[in-house]
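Welcome, and please open the model in your viewer. We will go from one selection to the next, looking at what is there each time.

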Amino acid sequence: MINPAVFATTFLAAAVEIIEMVIIVVGVGTIRGWRSTLIGAASGLVILAALILALGMTLTLVPIGVLRLVVGSLLFVFGLQWLRKGIRRVAANGFRGMGERNATDDDIPTHGMDWTAWLLAFKGVLLEGLEVTIIVVTFGAAARAFPTAALAAAAALVVIGGAGALARRAVERIPRSALQLLVGTLLSAFGTFWAVEGLGIAWPGADLAIIALAAWYILAAAAHIGHLRRHARQPTSQDKLAHASAR
Amino acid sequence: MTVSWLHRAATLSLRGLVAFGKFWYGFIIGDDWTVAAAVAAALAVTWLLHTAGVTAWWLPPLAAVAATGASLRRIRE
């Protein structure tokens, strides 16, 4: 017998975490290629399943704070690298490069495993999956309706995962330079959020703070792009010297 | 025979270790170590402020934007 209240609560709580997971997988897959990203996501799910089987209800004892701090810090610094690259590309070329892989993405291997894509997807799926599992265990145990909670989380995974798969085509239509900027922004926002949460600090507005953080990084990126473009239009002292000597 | 096999295994292990180290260096440090250092410092200060009872969630996003700006300025110059 399904407990509707437990189903709705678990579905919504799990959906928030799964949206974060799907955003990371779709963003990384579109920029760095799908094969390694999906293998990374699948690896995360396998480890998660093994953890659930091994630990069962004692999964809540996993030090999620430490995991958030480590995964968050790594995403934070890596997201800022992509944000910087995106800012420089958009400042130099505008929103170009739709569809094709950028020739300057020379750190993406042409064959074999792209470990960066693998690791980003793996960490995103493992951390978010673990949070979903803890939600299921907590809600399920509290209401003595564990099957309902597990079913709700599975339904959320199917619905959000399906929406992510459908959104893939739309995401691929975004120009690559803009996409790198956008994914850099999102990774930085998720990274900042998890790293600070991992320190034991609660964000105002809980998960909604991720949206505020993404907006903050987008505004900062726009300001940096504007600054770089203004500076590019101004002749440097070397340009002035070369111009004077040519005359 | 055994020595050459051991030598080959050691060379492969060393290569793997170097590749592993390079991967993590590229992942964390990238092309500008100052941004990673600024993030680490900001998180450390945030934790210290938090333990002292000061609200400090605003510090890492602020430090990240400042470090990114400084990095872009250095690249431009």
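What share of the 247 residues of chain A count as buried? The figure is 45%, where buried stands for 20 or more other C-beta atoms within 10 Å of a residue's own, exposed for 12 or fewer, and partly exposed for anything in between, with C-beta atoms placed from the backbone.

Before moving on, note that this is a predicted model, in which local features need pLDDT of at least 70 and side-chain atom pairs count only at pLDDT 80 or more, while totals for chains, interfaces and linings use all residues. Residues are numbered from 1 along each chain as its sequence is written, chains are lettered from A and ligands numbered from 1 in the order in which they are written.

**Stop 1: chain A.** Switch to a cartoon view and select chain A, which has eight helices and zero strands. Helices (H or I, at least four residues) and strands (E, at least two) are DSSP runs, numbered from the N terminus. Among the contacts in chain A with a separation of 6 or more, 88% join residues 24 or more positions apart; a contact means that two C-beta atoms, placed from the backbone, lie within 7 Å.

**Stop 2: helix H7.** Now select residues 209–233 of chain A, which form helix H7. Why does its length agree with expectation? Its 25 residues should span 36 Å at 1.5 Å a residue, and its end C-alpha atoms are 36 Å apart; the expected span is 1.5 Å times one less than the number of residues. Buried residues of H7(A) include A:Trp216, A:Tyr217 and A:His224. Their cover includes helix H3 (64–93) and helix H6 (176–198) of chain A, together with helix H3 (59–76) of chain B.

Further along, pick A:His227, also in helix H7 of chain A. A:His227 counts as partly exposed because it has 16 C-beta neighbours inside 10 Å.

**Stop 3: where the chains meet.** Show both chains: the contact takes 27 residues from chain A and 23 residues from chain B. On the side of chain A that touches chain B, H3(A) gives the most, with ten residues. By class, that side has 17 nonpolar, eight polar and two charged residues. Ala, Val, Leu, Ile, Met, Phe, Trp, Tyr, Cys and Pro count as nonpolar, Asp, Glu, Lys and Arg as charged, and the others, Gly among them, as polar.
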